[in-house]
Amino acid sequence: MQTIGYQQPLHTHPHRVPARQQEPVEVSPGVIDMRGGPTQYAFTAEDAAHIVVDNAAKAAEHGTFGVGGALIGPDHEVVAVVQNRVIQNGVVKDPTAHAERQLVDWYFEQVHRGANLPSPEKMALITSLDPCMMCCGASLQAGFHVVIAALDTFAGVNFKGDGKYETLPEGPRQMAKDKFGYVGIEGGRAFQGPQDAPYPNATIPAEVEKRSLDVFTGSLDEVKRQINAAGGGDVKPIDAHELLHGASPEVLGVLRAKDPQALSLRVDPNNPGLDLGQRLVDVATASAKAGNSFDAAALVDPNGNVMMVVGGQESHSPIRTPFMELTRAWASARAEAGPTGAAFLPHIKDCKVVTLMGPGRGATGVMQLGAYGSSVEGPAPASESAHWQYVIPSQTQAELDQEIANLPPLYSQVIKPEMKQVKNEALVRLGQDALRRHAEGV
């Protein structure tokens with residue numbers, strides 16, 4: 001039985017446990033459904049901007065990013081409003097809970113439950129701030145028109161303000177040109193976007209844009225304080241394997257609630273092999289049988305413990321990919337485990353992410369690159385291997401590296417995500433064989 005310098009072997013359970021699909025969880029806690037009361041309308045871009053900026057201010061008051069959004073129907077009725085909910089009750093609960101991403105998942109979950117909502121192309125997603133890369137990809141995948149009240153010159157997809165979207169690969173770039181509209185500012189910039197936008201050639205008062213920017217920038221210091229308090233990079237965590245020996249039953253229970261096989265496998269975090277590959281394939285297979293993508297994502301801590309392996313929930317929403325589920329589940333586990341758990345459950349930036357499929361060049365690939373950035377919120381510590389490793393590429397390494405280099409400054413200059421294919425050739429062959437069998441329906 002192979003070991004990698006640990007006192008205990010890689011396997012802690014000799015028999016493979018069948019992969020179990022995660023139950024769908026609430027991923028849009030900041031969304032308020034407006035359909036149940038008197039109908040509200042946003043007939044003008046200024047109406048819509050006031051709604052989303054008001055919600056941005058409410059988000060900031062709760063100690064999280066000051067960004068708000070709204071979903072507007074074809075008759076300009078307000079279907080839902082949303083506030084950023086990354087930080088809840090002073091804890092980083094969901095790094096993906098940006099306003100736009102929440103609205104996308106909320107819409108598709110409602111449709112999944114049988115709600116009679118207009119099709120995405122007939123609706124508008126209004127946001128108080130230029131979407132980050134995660135929210136850009138999520139919105140494009142959804143198919144909504146997107147109306148933006150203020151630019152973000154550091155992390156926004158249109159950070160240069162020229163509407164060329166050079167931050168995006170070719171396909172999503174054209175989609176953004178077709179779907180994204182930036183309202184004009186009285187006495188400032190002109191409207192930028194397609195003429196079939198929900199509010200074509202619209203302008204809003206300069207003070208509305210200023211309020212949006214002030215609310216957002218004013219929230220950053222508090223958010224950074226909370227995120228830094230969450231740790232990452234300073235102290236190596238206690239080996240979570242100790243949880244199996246009774247070090248903290250409560251923390252182990254939190255982990256096993258997310259993945260019943262948590263801590264059942266140990267690997268070399270810099271060079272995962274066939275054991276982890278088989279887990280990824282098993283989870284991807286179960287996920288696909290449940291109507292989701294053939295993909296899976298694993299989180300490996302610095303001590304080589306496989307903390308969780310999850311599949312996607314695309315049957316509920318097309319943007320609920322395995323990585324999105326993984327980073328949410330991990331943040332939730334850390335929040336639920338509290339101060340005791342912090343000693344065993346390191347920040348995601350200190351861990352390795354291993355996915356069966358690598359990020360592609362479409363909208364969901366853009367979303368996942370952005371979501372990784374939103375999860376780590378800063379440079380990952382130096383390591384001998386990439387912090388995100390994938391088994392099967394969805395684009396060439398050169399294309400992926402260039403896509404990362406083209407990202408807005410927050411990502412390309414500060415976070416600097418590194419994503420590489422796994423080194424183990426046998427693991428790559430295992431993944432390729434599994435993908436071929438899946439494609440053939442075997």
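Here are some questions and answers on a predicted model.

Q: Is strand 3 (residues 78–83) mostly buried or exposed, and how many of its residues are buried?
A: Strand 3 is largely enclosed by the rest of the structure. That reading follows from the burial count, because the buried residues in strand 3 number six of the six.

Q: Which residue of strand 3 is the bridge partner of Val31?
A: Strand 1 (residues 31–33) runs antiparallel to strand 3, and three bridges join them. Val31 has its bridge partner in strand 3, and that partner is Val82.

Q: What about strand 2 (residues 68–72): how many bridges join it to strand 3?
A: Strand 2 and strand 3 run antiparallel. The bridges joining strand 2 to strand 3 number five.

Q: Which residue in the turn between strand 2 and strand 3 has a positive phi?
A: The two strands form a hairpin, with five residues between them. In that turn, a positive phi of about 70° belongs to His76.

Q: Is the aromatic pair of Tyr107 and Phe144 stacked or edge-to-face, and what is the angle between the planes?
A: A search of the whole structure finds eight aromatic pairs. For Tyr107 and Phe144, the rings sit 5.1 Å centre to centre and the pair is edge-to-face. An angle over 60 degrees is what edge-to-face requires, and here the planes are at 85°.

Q: How many residues apart are Tyr107 and Phe144?
A: Tyr107 is in helix 2 (residues 99–112), while Phe144 is in the loop between helix 3 (133–142) and strand 7 (145–148). The pair links distant parts of the chain, with a separation of 37 residues.

Q: Are Tyr107 and Phe144 buried or exposed, and what is the relative accessibility of Phe144?
A: The cut-off for buried is under 20% relative accessible area. Tyr107 is buried because its relative accessible area is 3%. Phe144 counts as buried too, with a relative accessibility of 0%.

Q: Why is the pair of Phe323 and Tyr372 tilted, and what is the angle between the planes?
A: The ring centres of Phe323 and Tyr372 are 6.3 Å apart. Phe323 lies in helix 8 and Tyr372 in helix 9 (residues 363–376), so the pair ties together parts that are 49 residues apart in sequence. Both Phe323 and Tyr372 are buried. The pair is tilted because the planes are at 50°.

Q: Which residues touch the most other members of the largest nonpolar core?
A: That core has 81 residues. Leaving aside neighbours within four places in sequence, the contacts of Leu168 include Met133, Leu140 and Val366. The residues touching the most other members are Leu71, Leu168, Phe180 and Leu255.

Q: Why is the sulfur of Cys135 too far for a bond with the closest cysteine sulfur, and what is the distance?
A: A disulfide needs sulfur atoms within 2.5 Å. Cys135 is buried, with a relative accessible area of 0%, and its closest cysteine sulfur is in Cys132. The pair is too far for a bond because the sulfurs are separated by 3.8 Å.

Q: Which residue has its backbone nitrogen 3.0 Å from a polar atom of the side chain of His347?
A: His347 lies in the loop between helix 8 (322–342) and strand 13 (352–357). At 7% relative accessibility, His347 counts as buried. A polar atom of its side chain is 3.0 Å from the backbone nitrogen of Lys349.

Definitions and conventions: Residues numbered from 1 in each chain as written. Predicted model: local features only at pLDDT ≥ 70, side-chain atom pairs only at ≥ 80, totals over all residues. Heavy atoms only, no water. Helix = DSSP H or I, 4+ residues; strand = E, 2+ residues; numbered from the N terminus. Buried < 20%, exposed > 50% of the residue type's maximum accessible area, 1.4 Å probe, protein only. Polar contact = N/O pair within 3.5 Å; in protein donor to acceptor, adjacent residues only side chain to side chain. Pairing = 2+ DSSP bridges. Phe/Tyr/Trp six-rings, centres within 6.5 Å; stacked < 30°, edge-to-face > 60°. Core = buried A, V, L, I, M, F, W, Y, C linked by side-chain atoms within 4.5 Å. Contact = heavy atoms within 4.5 Å.
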